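Here is a quick tour of a few spots worth looking at. Keep the sequence and the 3D view open as you read.

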Amino acid sequence: MPVEFLGYAATNDGSETHLRTGPSFDPDYTIRLARAHEEWGWDRVLFAYGSGSPDPAAATAYVAAHTEKLQLLLAHRPNVSYPTYAAKTFSTLDGISGGRLMVHFITGADDTEQAREGDFLSMAERYARTGEYIGIVKKAWTEREPFSHHGWYFDFDEFVSDVFPAAGHCPLVSVGGCVPEAYAVGAAQADVYCLWGEPLERTYEQIEAIRAASDEAGREVPPRIQVSFRPIIAPTEEEAWDKAYRIVAAIKGTSGNRRLAVVPAQSTGSRRLSALAGHSERFDRALWTPAALATEGADASNALVGTPDTVAQALLDYYDLGAEIFSARGYDLLEDAVEFGRYVIPIVREEAAKRDAARAAAGGGGGGIAGGGGVGSGASGTGTAGTTPTPCSPVRRPGGTGTGERSFAA
């Protein structure tokens with residue numbers, strides 16, 4: 001399966017190191033950034049969710065109307081709308097974009113942030129709700145006849161939709177998290193499982209946990225693995241490290257930036273990154289932790305530092321573990337997206353293709369040690385909208401009753 005790259009669809013130019021210069025939703029900047037990703041070989045961009053941020057669904061529709069090939073990953077929290085309503089929203093967006101939508105379901109790692117929009121469930125309950133929610137959304141994408149659902153968190157009769165995903169396409173679903181409840185939901189429901197960048201050994205442990213949960217859920221093919229980093233690149237190693245230390249100084253100097261006022265300190269992932277940073281600054285080929293420490297582990301903040309070739313080779317180390325999708329976001333969002341697309345993405349694509357060809361010649365699958373576990377409409381490896389679209393099929397998993405039993409299946 002070709003390697004893929006996920007960028008960040010910010011709606012303004014603010015970051016941990018830069019106070020924004022305009023409104024929270026800056027239409028011109030939003031389109032400039034999205035088109036830069038499209039031009040420089042990225043496969044898709046993420047529209048993130050925050051309780052007080054611009055609505056990512058509206059931003060997705062706006063970018064869809066101003067791009068042609070770029071795939072669109074919409075983050076969605078199950079507490080903000082009923083699953084049947086969400087399914088219609090996703091189907092409408094998939095139609096607007098011509099089959100370019102993917103949905104990332106955010107369970108919510110911080111009680112304070114969840115409470116801002118009236119969600120007071122525990123983290124374990126939130127993961128259980130996410131599993132039930134995704135199952136309903138998938139069923140609403142496929143059922144042409146009225147259906148009822150009587151579950152633990154959602155209860156309705158005779159729902160039938162008149163809007164479905166684009167013809168021949170089914171939006172892929174991704175989830176994330178580094179706790180057993182998250183692995184269980186991802187194993188049962190996700191096409192893509194999202195991890196934050198950690199050292200190779202710890203990443204491998206998480207991949208193995210996800211695969212074990214996938215086997216337990218009875219899946220023949222586990223979710224594809226995505227890993228997130230904050231790349232810091234420069235023409236020489238010395239320049240890259242100078243840049244890295246300037247970035248950390250800038251993060252500390254803009255500590256009043258509102259982005260840092262909503263750090264999810266309760267997040268297990270954030271705590272893992274902070275603890276890792278306290279143990280050592282550098283791991284493996286290029287992983288660097290002080291940026292994570294400066295932000296208290298927020299926003300998948302571990303960096304890969306070095307020349308484009310060094311960072312590309314570091315990403316390929318994760319590819320060899322089984323990661324096939326790389327989420328990357330710099331600190332000067334527009335400039336860094338262009339530089340990463342120009343200098344890093346081509347190296348990784350070329351080397352990953354060589355690895356896949358070698359494995360195929362040896363009788364194995366592509367895509368790292370994961371083998372050939374392709375899903376849905378994965379990207380073609382050229383930054384285009386992808387390969388042959390995959391239509392939605394009904395969700396049928398053993399063990400789920402949908403009649404009040406707590407289950408991750410609908």
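You'll find E158 in strand 6, residues 155-159; helices (H or I, at least four residues) and strands (E, at least two) are DSSP runs, numbered from the N terminus.

This is a predicted model, where local features need pLDDT of at least 70, side-chain atom pairs count only at pLDDT 80 or more, and totals for chains, interfaces and linings use all residues. Residues are numbered from 1 along each chain as its sequence is written, and side-chain values use heavy atoms, leaving out hydrogens and water.

Back to the backbone: most residues other than glycine have a negative phi. E158 isn't a glycine, yet its phi is positive, about 55°. D284 isn't a glycine either, and it has a positive phi of about 55°. D284 sits in the loop between strand 10 (282-283) and strand 11 (287-288), and counts as partly exposed at 47% relative accessibility.

Which way do the residues of strand 12 (residues 303-306) point? A303 and V305 go one way, L304 and G306 go the other, and all are buried.

Strand 9 (residues 224-233) runs parallel to strand 12, joined by 4 bridges (DSSP has to find at least two for strands to pair). In that pairing, I232 stands opposite V305. Strand 11 runs antiparallel to strand 12, with 2 bridges, and W288 stands opposite A303.

## Around I247

I247 belongs to helix 8 (residues 237-253), and at 11% relative accessibility it counts as buried. Leaving aside neighbours within four places in sequence, I247 is in contact (heavy atoms within 4.5 Å) with T17, I232 and Y331. I247 and I232 are 15 residues apart along the chain, and their C-alpha atoms are separated by 9.0 Å.

## Helix 7 against helix 11

Helix 7 (residues 200-216) and helix 11 (residues 308-321) pack at an angle of about 30°, with axes 10 Å apart; the axes are lines fitted to C-alpha atoms over the stretch in contact, and angles run from 0 to 180 degrees between N-to-C directions. The contact is made by L200, T203, Y204, I207 and R211 of helix 7, along with D317, Y318 and L321 of helix 11.

Definitions and conventions
Buried means under 20% relative accessible area, exposed over 50%, partly exposed in between (1.4 Å probe, protein chains only).
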